[in-house]
Amino acid sequence: MFKLKLEEVLKDRRMTKCELADRIDVSASAITNFVHGRSYPRIDTFYRMCRVLHCKPEDLVDFDD
């Protein structure tokens, strides 16, 4: 199982959920769902998040055993 560390990365980058949503062209509610684990982004959305947040994919994912 894995969890997105999106909230932590956003905080480190001093970016709001709404700002990220605007920059990657998804709804703010989608970002909120990603943060709370209610849904996961499509792979293209995930890579857009990485590009906008200037991070690698592994920086956004936390794996649980």
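Me: Is the crossing in which α2 passes α3 left-handed or right-handed?

Reply: In this predicted model, the axes of α2 and α3 come within 8 Å and cross at roughly 115°. Where α2 passes α3 in this way, the crossing is right-handed.

Me: Which residues of α3 are met by residues of α2, and how many residues of the contact are nonpolar?

Reply: From α2, the residues K17, C18, L20, A21 and I24 take part, and in α3 they meet A28, I31, T32 and V35. Sorted by class, the contact of α2 with α3 holds 1 charged and 1 polar residue, while the number of nonpolar residues is 7.

Me: Where do the buried residues of α2 lie around its axis, on the same side or on opposite sides?

Reply: The buried residues of α2 are L20, A21 and I24. Because they cover an arc of only 100° around the axis, they are placed on the same side of α2. In general, an α-helix has 3.6 residues a turn, so residues three or four places apart point the same way.

Me: Is I31 buried or exposed?

Reply: I31 has its place in helix α3, which spans residues 28-35, and beyond its neighbours within four places in sequence it is in contact with L6, K17, L20, A21, I24 and V26. The C-alpha atoms of I31 and K17 are separated by 6.2 Å, although these residues stand 14 residues apart along the chain. Since the relative accessibility of I31 is 0% and buried means under 20%, I31 counts as buried.

Me: What is the relative accessible area of T45?

Reply: T45 has its place in helix α4, and, leaving aside its neighbours within four places in sequence, T45 is in contact with I24, V26 and F34. T45 is buried, because its relative accessible area is 5%.

Me: Which exposed residues are carried by the face of α1 turned away from its buried side?

Reply: The buried residues of α1 are L6, V9 and L10, and because they cover an arc of only 100° around the axis, they are put on the same side of α1. What covers these buried residues includes β1 (2-4), α2, α3, α4 and α5 (57-60). The face turned away from that buried side carries the exposed residues K11 and D12.

Me: Which residue just after α2 takes a positive phi?

Reply: Just after α1, a positive phi of about 55° is taken by R14. Just after α2, a positive phi, of about 60°, is taken by D25.

Conventions: Residues numbered from 1 in each chain as written. Predicted model: local features only at pLDDT ≥ 70, side-chain atom pairs only at ≥ 80, totals over all residues. Heavy atoms only, no water. Helix = DSSP H or I, 4+ residues; strand = E, 2+ residues; numbered from the N terminus. Buried < 20%, exposed > 50% of the residue type's maximum accessible area, 1.4 Å probe, protein only. Contact = heavy atoms within 4.5 Å. Axes fitted to C-alpha atoms, helices over the stretch in contact; angles between N-to-C directions. Left-handed = near helix turned anticlockwise from the far one by under 90°. Nonpolar A, V, L, I, M, F, W, Y, C, P; charged D, E, K, R; others polar. Arc of directions from axis to C-beta.
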